[in-house]
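This report describes part of a protein structure. Please look at the sequence and the model before reading on.

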Amino acid sequence: MFVDMREGTQEHWKVIGAEHKAHQRSAAPMQIMDTLRRLEPLQLGFAANQLTHSLMAGTLARRDGASDEEVVAALCHDIGKVLSIPNHGPIAAEMLKPYVREDIYQAIYWHQDFQGAYYYEFVGKPGDLRENFREQPWFAFAEKLVDRWDAPAFDPDFAVDPLESFEDQVVRVFSSPKR
């Protein structure tokens, strides 16, 4: 193998590509599961910790008849908080982008502005920022994600589906990029 990318050959990149694909099929979904577990200690002032919140959002989506992509998006919508609370939506969206539809990507990216209808006025921001996106083709999905699965998902006593029950869906979604 090369030690300087400028020396790479087609054969090198064939091996590297195969290794990346193998990793994607096996390790990447498990890294998503591990990262979701890292949300548990993040209480952040809410009644439920961020893992419980994510599990509740995923459970609500699942019970609402959502597709695998939608359930996984609901489950992972706040996964970026492990790295950056202020930028968690775009981080989660970029993690999901190769694996989900465009409307799901956009909804996750902008979900904070949709949630802002419930609290932005209390932190000095306009509460109607979701209206900036009303004409977008993904608006309806973003509204459903936030209003039906995300906003009501802070009850620590809600009987959430366990994280392990989502593993097959996480594996299906994160094993093969669609774009």
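## Helix α4 against helix α5

The model is predicted. Helix α4 spans residues 88–96 and helix α5 spans residues 102–119. The two pack with their axes 7 Å apart, at an angle of about 170°. Because angles over 145 degrees count as roughly antiparallel, α4 is roughly antiparallel to α5.

On the α4 side, the residues that meet α5 are His88, Gly89, Pro90, Ala92, Ala93, Glu94 and Leu96. Their partners in α5 are Tyr105, Ile108, Tyr109, His111 and Gln112. Sorted by class, this contact has seven nonpolar residues, four polar and one charged.

## Asp103

Helix α5 also holds Asp103. The side chain of Asp103 is joined to that of Arg101 by a polar contact of 2.8 Å. Beyond its neighbours within four places in sequence, Asp103 is in contact with Trp138 and Phe141.

## The largest pocket

The largest pocket in the model has a volume of about 200 Å³. Its lining is made up of 13 residues. Nearest the centre of the pocket lie Phe46, Lys81, Gln112, Gln115 and Tyr119. One of these, Gln112, is also among the α5 residues that meet α4.

Helix α5 supplies the largest share of the lining, with four residues. By class, the lining of the pocket divides into seven nonpolar, four polar and two charged residues.

Technical notes: Residues numbered from 1 in each chain as written. Predicted model: local features only at pLDDT ≥ 70, side-chain atom pairs only at ≥ 80, totals over all residues. Heavy atoms only, no water. Axes fitted to C-alpha atoms, helices over the stretch in contact; angles between N-to-C directions. Parallel < 35°, antiparallel > 145°, perpendicular 65-115°, else oblique. Contact = heavy atoms within 4.5 Å. Nonpolar A, V, L, I, M, F, W, Y, C, P; charged D, E, K, R; others polar. Polar contact = N/O pair within 3.5 Å; in protein donor to acceptor, adjacent residues only side chain to side chain. 1 Å grid on protein atoms, 1.4 Å probe; cavity = no way out; pocket = protein on both sides within 12 Å on 5 of 7 lines; lining within 4 Å. Points joined across faces, edges and corners; volume = space filled by probe spheres on them.
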